[in-house]
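Work through the exercises below with the structure open. Each task is followed by a stepwise solution.

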Amino acid sequence: MSDDYTPPKVWTPGKENGGQFASINKPTAGAQYDRDLPVGQHPLQLYSLATPNGQKVTILLEELLEAGHDAEYDAWLIKIGDGDQFGSGFVAANPNSKIPALMDHSVSPPQRVFESGSILLYLAEKYGAFLPTDPAARTETLNWLFWQMGAGPYLGGGFGHFYAYAPTKIEYAIDRFTMEVKRQLDLLDKRLADSRFIAGDDYTIADMAIWPWYGRLITGGAYGDAATFLDAESYRNLHRWQAEIAARPAVQRGIMVNNVSGDPAKQLHERHDASDFQTKTQDKLQA
């Protein structure tokens, strides 16, 4: 790959396009094969993987249950490395072929909800929880929710891709996205110097959207040694917030759901009942 790249007049995908994820990146949308989605016993059916975007939704669902809401759900594993997101059933639930996707069977016809921020907003409004009713507080929460939706691609698809996954280390690209990610971290740190949670004194869907991305990043859980590279330890207020949320039981359960990596004791590939956390984590299944 030359540093003096000249774009062709008409672009065509190359064999290495997408780096580590080249096998699942295509310039076209739509189903690639026929496969129906499974449907469990609960009205809420989630099809996902425990990436940061997937964890946003499972954290909210577990928080709703912790708070006493009737939000029982089935969580089905979508293996994006295997191309599960390109089956016809998944594409019908999310034409963008990205996790997570939710089907709400409590309404007729069943309602599809896709894009993680849309799912958070849908569930928060459905259950009247984790989204303030006061207009000013609600707007502040949505300000930060949509901030994350816009900022996340710079962190994951920008910094994360070029720092950790791209087949070639490109100094300009890494510097460009590192500058933006550090600006984002500084923004969050400054906000949390004046506020217990992202949107104010109350824990909301804004925290649930931001924590899986930025909380994971600053504690060394993403992109190799990126936390050291970014001097993440210096963002003290962000660390305080990260630790408080990480201690919540519902968060600890939520990040286990559809998790297929790391400690088997913290992996629950599929969730269909609250008791699954005690009986069906991967360490118990392998024992």
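**Exercise 1.** In this predicted model, find the residue that stands opposite Y47 in β3, and state in which sense β1 and β3 pair.

Solution.
- Step 1. Locate Y47 and look across to β3: the residue opposite is A101.
- Step 2. Take the two strands as a whole. β1 covers residues 44–48 and β3 covers residues 101–104.
- Step 3. Strands of a sheet pair through backbone hydrogen bonds, either parallel or antiparallel. For β1 and β3 the sense is antiparallel, with 4 bridges.

**Exercise 2.** Give the strand order of the open sheet and name the strands that stand at its edges.

Solution.
- Step 1. The sheet has 4 strands, and reading across it gives β2-β1-β3-β4.
- Step 2. The pairing in the sheet is mixed.
- Step 3. β2 (73–77) and β4 (111–114) each have a single partner strand, so they stand at the edges and one side of each has no neighbour in the sheet.
- Step 4. Ignoring direction, neighbouring strands are turned against each other by 20° on average.

**Exercise 3.** Which strands does helix α1 lie across, and which does helix α3 lie across?

Solution.
- Step 1. Helix α1, residues 52–66, lies across β1 and β2. Its angle to β1 is about 150°.
- Step 2. Helix α3, residues 116–127, lies across β1, β3 and β4. The angle between α3 and β4 is about 130°.
- Step 3. Turn to the annotation. An unreviewed UniProt entry lists residues 41–131 as "domain: GST N-terminal". That span is 36% helix and 20% strand, and its end C-alpha atoms lie 27 Å apart.

**Exercise 4.** Describe how helices α4 and α6 cross, and sort the residues of their contact into nonpolar, polar and charged.

Solution.
- Step 1. The axes of α4 (residues 135–165) and α6 (residues 205–218) come within 8 Å and cross at roughly 25°.
- Step 2. Angles under 35 degrees count as roughly parallel, so α4 is roughly parallel to α6.
- Step 3. The crossing of α4 and α6 is left-handed.
- Step 4. On the α4 side the contact is made by T141, W144, L145, W147, Q148, A151, G152, L155 and G156. On the α6 side it is made by I205, A206, A209, I210, W213, Y214 and L217.
- Step 5. Sorting the residues of this contact gives 12 nonpolar, 4 polar and no charged.

**Exercise 5.** What are the helix and strand percentages of residues 134–268?

Solution.
- Step 1. The unreviewed UniProt entry lists this span as "domain: GST C-terminal".
- Step 2. Residues 134–268 are 66% helix and 0% strand.
- Step 3. The end C-alpha atoms of residues 134–268 lie 37 Å apart.

Technical notes: Residues numbered from 1 in each chain as written. Predicted model: local features only at pLDDT ≥ 70, side-chain atom pairs only at ≥ 80, totals over all residues. Heavy atoms only, no water. Axes fitted to C-alpha atoms, helices over the stretch in contact; angles between N-to-C directions. Parallel < 35°, antiparallel > 145°, perpendicular 65-115°, else oblique. Left-handed = near helix turned anticlockwise from the far one by under 90°. Contact = heavy atoms within 4.5 Å. Nonpolar A, V, L, I, M, F, W, Y, C, P; charged D, E, K, R; others polar. UniProt positions renumbered as here; feature names shortened; annotations may be inferred. Pairing = 2+ DSSP bridges.
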